Amino acid sequence: MEYIDMYLIHWPLSLDVPPAPPSPVYSKGDIVMMDMEGVWKEMEECHRLGLAKAIGVSNFTCKKLGTLLSFATIPPAANQVEINPNCRQNKLREFCKERNVQLCAYSPLGASGTIWGSNAVLNCPLLRQIALERGKTVAQVCLRWVYEQGDCVIVKSFNERRLRENLEIFDWELTDGDRQAISGLPEWRGCRDFYVHESGPYKTVEEFWDGEITGQQLKI
């Protein structure tokens, strides 16, 4: 490829690993603080060279995003984070909106089937009731809810029926009652402590997420 549409910093940290042989395996002891300014300058260079049409970040809190914006000459186009009815990211959304950074939702269905996600979103009684009343699936209710927040939505499926269902969220709306009920759901975050370690730069979940995390980790 001559260029990519979007190039993101996946996590706000770095790994101190041997240059060879390359391996996707790492230990938490390999985690080190990221040179955010240095890394972002290289990201900006990729943009200037036309190798990336847009550059952005992922899993950045308000505080970390604020730090990046303090020296960025090209602001991030997007911040990709976990968003679903149980992980609503209201504070981060307002922060990004004020700074023209597009919030992009991964795991809009709660990451069911992953090692860190759960079935809590798909099995939520409230979401099931809303889906029944609207004649939709729970997945469609979740995707519609994210879409109505103004967020981009990342969905993935190889199932043709589900692919079609994912596109059938634009000709209807949630009611005010639906939105209010969803806003009262307990909040939790599945992707919490992957990079927390006693020898690393982030020693607690609160430190990694800058105190912005709400709720408890939930496994169902």
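Helices are DSSP runs of H or I, at least four residues long, numbered from the N terminus. The structure described here is a predicted model.

The strand order can be followed from strand 1. Strand 1 (residues 4-9) pairs with strand 4 in the parallel sense, over five bridges. Within this pair, Ile4 has Ala52 of strand 4 as its bridge partner. Strand 4 also pairs with strand 5, again in the parallel sense, here over two bridges. In that contact, Ser58 is bridged to Gln80 of strand 5. The link between these two strands runs through helix 2 (residues 62-69), and this β-α-β crossover is right-handed.

Strand 4 spans residues 52-58. Six of its seven residues are buried, so strand 4 is largely enclosed by the rest of the structure. Buried here means under 20% relative accessible area.

Strand 5 (residues 78-82) continues the pairing on to strand 6. The two strands run parallel and are joined by five bridges. Ala78 stands opposite Gln102 of strand 6. Helix 3 (residues 90-98) belongs to a β-α-β unit with strand 5 and strand 6, and the unit is right-handed.

Strand 6 comprises residues 102-106. Four of these five residues are buried; strand 6 is therefore largely enclosed by the rest of the structure. Its pairing extends to strand 7 (residues 152-153), in the parallel sense and over two bridges.

The largest pocket holds about 650 Å³ of space. Its lining is made up of 22 residues. Those nearest the centre of the pocket are Pro108, Leu109, Ser112, Val155 and Lys156. Helix 5 (138-148) and helix 6 (160-167) are the elements that give two or more residues to this lining. Helix 6 provides the largest share, with four residues. By class, the lining of the largest pocket has 10 nonpolar residues, eight polar residues and four charged residues.

Methods. Residues are numbered from 1 along each chain as its sequence is written. This is a predicted model: local features need pLDDT of at least 70, side-chain atom pairs count only at pLDDT 80 or more; totals for chains, interfaces and linings use all residues. Side-chain values use heavy atoms; hydrogens and water are left out. Buried means under 20% relative accessible area, exposed over 50%, partly exposed in between (1.4 Å probe, protein chains only). Two strands pair if DSSP finds at least two bridges between them. A crossover is right-handed if, with the strands pointing away from the viewer, the path from the first strand over the helix to the second runs clockwise. On a 1 Å grid over the protein atoms alone, a cavity is a set of points where a 1.4 Å probe fits but cannot get out, and a pocket is an open set with protein on both sides within 12 Å along at least five of seven lines; lining residues have an atom within 4 Å of a point. Grid points are joined across faces, edges and corners, and a volume is the space filled by probe spheres set on the points. Ala, Val, Leu, Ile, Met, Phe, Trp, Tyr, Cys and Pro count as nonpolar, Asp, Glu, Lys and Arg as charged, and the others, Gly among them, as polar.
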